[in-house]
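Please open the structure in your viewer and keep the selection tool at hand. The stops below are arranged so that each selection leads to the next.

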Amino acid sequence: MITHSIFMNCTQLDNTLSHLSAWAFEDLSGFVVAIVSLSIVSLILLVAGERVIRPGVSVLAGIGGGIATYMASGLFATPWPCETRIATAGFSALAAALLALCILRIGLFVLGGASFGIFAHVLYEALPLENVSPPFVVLGKSAYYYLTILVFSIIGAVVSHFSRSHFLRIGTSILGAAGISLI
């Protein structure tokens, strides 16, 4: 007589993930697949990055979040039931995908502000302003330095907000070119 358990067994899934990980990081064919995949993704980002970055980042974050949560749930001293591990991984995958979309939207705004702020820092340091007396000094820097960084950061955030498609096009092109040059 065969009796069936009402609970699933995750041993086969755990073994599959372990073998896949070993293949990807220790086998030559796994390395070749990784290089070819990086080349294809880099070319896609270089050519059509602004159209594929949002869904691509969302899918990658979902897959990565789900796999990472599933694998981490198997490391507890008290083992979780397989259904709980899979349900938690699914919920984490959905949450990671949605979070990636939100971060990508806000991230461009922050990236624009930070990049203009860095430009202002380099510009301020390059100018010969030794003879200008500041109204006060904080941490060895002039008040004018902090004012310059603040103004440029605000300008960068506003520009990135209104030029989102240009920022996306430039950013994904840079990512694609970086991937191609890595190979």
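**Before selecting**

This is a predicted model, in which local features need pLDDT of at least 70, side-chain atom pairs count only at pLDDT 80 or more, and totals for chains, interfaces and linings use all residues. Residues are numbered from 1 along each chain as its sequence is written, and side-chain values use heavy atoms, with hydrogens and water left out.

**Stop 1: helix H2**

Select residues 28-73, which form helix H2. Helices here are DSSP runs (H or I, at least four residues), as strands are (E, at least two), and they are numbered from the N terminus. H2 contains 46 residues, yet the C-alpha atoms at its ends are only 30 Å apart, whereas a straight helix would reach 68 Å at 1.5 Å a residue. That expected span is 1.5 Å times one less than the number of residues.

Now centre the view on Gly-49, where H2 bends by about 115°. The bend is the angle between axes fitted to the seven residues ending at a residue and the seven starting there.

Next, colour the buried residues of H2, among them Gly-30, Ser-42, Gly-49, Ser-58 and Tyr-70. Buried means under 20% relative accessible area, exposed means over 50%, and partly exposed lies in between (1.4 Å probe, protein chains only). Which helices do the buried residues of H2 pack against? They pack against helix H1 (11-26), helix H3 (82-126) and helix H5 (164-182).

**Stop 2: H2 against H3**

Two packed helices are described by the angle between their axes and the distance between the axes. For H2 and H3 the angle is about 145° and the axes are 7 Å apart. Axes are lines fitted to C-alpha atoms, for helices over the stretch in contact, and angles run from 0 to 180 degrees between N-to-C directions. The crossing of H2 and H3 is right-handed; a crossing has this hand if the near helix is turned clockwise from the far one by less than a right angle, and is left-handed if anticlockwise.

Show the side chains at this contact, including Ile-53, Ser-58, Gly-62 and Tyr-70 of H2 and Arg-85, Ala-97, Ala-100 and Leu-101 of H3. Contact means heavy atoms within 4.5 Å. By class, 12 of the contact residues are nonpolar, eight polar and three charged. Ala, Val, Leu, Ile, Met, Phe, Trp, Tyr, Cys and Pro count as nonpolar, Asp, Glu, Lys and Arg as charged, and the others, Gly among them, as polar.

Within H2, select Ser-58. Ser-58 counts as buried because its relative accessibility is 13%. Leaving aside neighbours within four places in sequence, Ser-58 is in contact with Ala-97, Ala-100 and Leu-101.

On the H3 side, select Arg-85. Arg-85 is buried because its relative accessibility is 7%. Not counting residues up to four places away in sequence, Arg-85 touches Cys-10, Asp-14, Tyr-70, Ser-73, Gly-74 and Trp-80.

**Stop 3: H1 against H2**

Bring helix H1 into view. H1 and H2 pack at an angle of about 140°, and their axes are 12 Å apart. Their crossing is left-handed. Residues of H1 that meet H2 include Leu-13, Asp-14, Trp-23 and Ala-24, and their partners in H2 include Gly-30, Phe-31, Tyr-70 and Met-71. This contact divides into nine nonpolar, two polar and two charged residues.

Select Gly-30 in H2, which is buried, with a relative accessible area of 4%. Apart from residues up to four places away in sequence, Gly-30 touches Trp-23 and Ala-24.

**Stop 4: towards H5 and beyond**

Return to H2 and select Ser-42. Is Ser-42 buried or exposed? At 3% relative accessibility, Ser-42 counts as buried. With neighbours within four places in sequence set aside, Ser-42 is in contact with Gly-176, Gly-179 and Ile-180.

Finish at Ile-183, in the segment after H5. Ile-183 is partly exposed, with a relative accessible area of 47%. Its contacts, leaving aside neighbours within four places in sequence, are Ile-35, Leu-38 and Ser-39. The C-alpha atoms of Ile-183 and Val-36 are separated by 9.3 Å, although these residues are 147 residues apart along the chain.
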